[in-house]
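The structure comes first, and the notes follow it.

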Amino acid sequence: MEFFKRFFLYAFIILLCISILHDLTLGTPTTPEINSNPIQSDHNIKFDAQYVKADPGETVLTIVEGINNNNIKKMAPKQIITDFKLINPSIDPHNLRPNHYYYFPLYTNG
């Protein structure tokens, strides 16, 4: 009986250490941030900025389409790219790095 008590105690301590190590290295997932101040672009459409992680293979247009629930059919891709550059001035919209976070336009009257 003493053997099982020690075994479960050691197993619990090992699992606790693994859990702590996992949390410290990967962190806790966070929800995307949304900018509460609307941004006015050159084409007179107001939008907010949403902080989103770019997954491998995604582009600015696919991410913007996803966060706007496909409600941007009437917008020109050039306008979307221009708005992305407005809120991310130092980022090349054609070379997003996977697993990095960027601000993307969230259109209020898309």
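The structure holds 1 salt bridge, a term used here for a side-chain nitrogen of Lys or Arg within 4 Å of a carboxyl oxygen of Asp or Glu. Its partners are Glu2 and Arg6, with 3.9 Å from N to O. Both residues belong to helix H1 (residues 2-26) and are 4 residues apart, about one turn of the helix. Side chains of opposite charge can pair when their charged atoms come close.

The model is predicted, with local features needing pLDDT of at least 70 and side-chain atom pairs counting only at pLDDT 80 or more, while totals for chains, interfaces and linings use all residues. Residues are numbered from 1 along each chain as its sequence is written, and side-chain values use heavy atoms, with hydrogens and water left out.

The protein chain has 3 helices and 3 strands, assigned as DSSP runs (H or I, at least four residues, for helices; E, at least two, for strands) and numbered from the N terminus. Along the sequence they follow the pattern α-β-β-α-α-β.

A search of the whole structure finds 9 aromatic pairs. Rings of Phe, Tyr and Trp (its six-membered ring) pair if their centres lie within 6.5 Å; planes under 30 degrees apart count as stacked, over 60 as edge-to-face and the rest as tilted. Two of the pairs are tabulated.

| Pair | Centre to centre | Angle between planes | Class |
|---|---|---|---|
| Tyr51 and Tyr101 | 5.3 Å | 20° | stacked |
| Tyr102 and Phe104 | 6.4 Å | 85° | edge-to-face |

For single residues, buried means under 20% relative accessible area, exposed over 50%, and partly exposed in between (1.4 Å probe, protein chains only). Tyr51 is partly exposed at 28%, and Tyr101 is partly exposed at 40%. In the other tabulated pair, Tyr102 is buried at 7% and Phe104 is buried at 0%. Elsewhere, Phe3, Phe4, Phe7 and Phe8 form one aromatic cluster.

Asn99 sits in the loop between helix H3 (77-87) and S3. Its phi is near 65°, a positive value in a residue other than glycine. Asn99 has a relative accessible area of 47% and is therefore partly exposed.

The protein chain exposes about 8,200 Å², of which carbon and sulfur atoms supply 60%; accessible areas come from the Shrake-Rupley method with a 1.4 Å probe.

Buried residues make up 26% of the 110 residues in the chain. A nonpolar core is a set of buried Ala, Val, Leu, Ile, Met, Phe, Trp, Tyr and Cys residues joined through side-chain atoms within 4.5 Å. The largest such core has 20 residues, and Val60, Ile63, Val64, Ile80, Leu96, Phe104 and Tyr107 touch the most other members. S2, helix H2 (60-67), H3 and S3 each supply at least two residues of this core. Beyond its neighbours within four places in sequence, Val60 is in contact with Ile80, Ile81, Phe84, Pro93, Leu96 and Phe104, where contact means heavy atoms within 4.5 Å.
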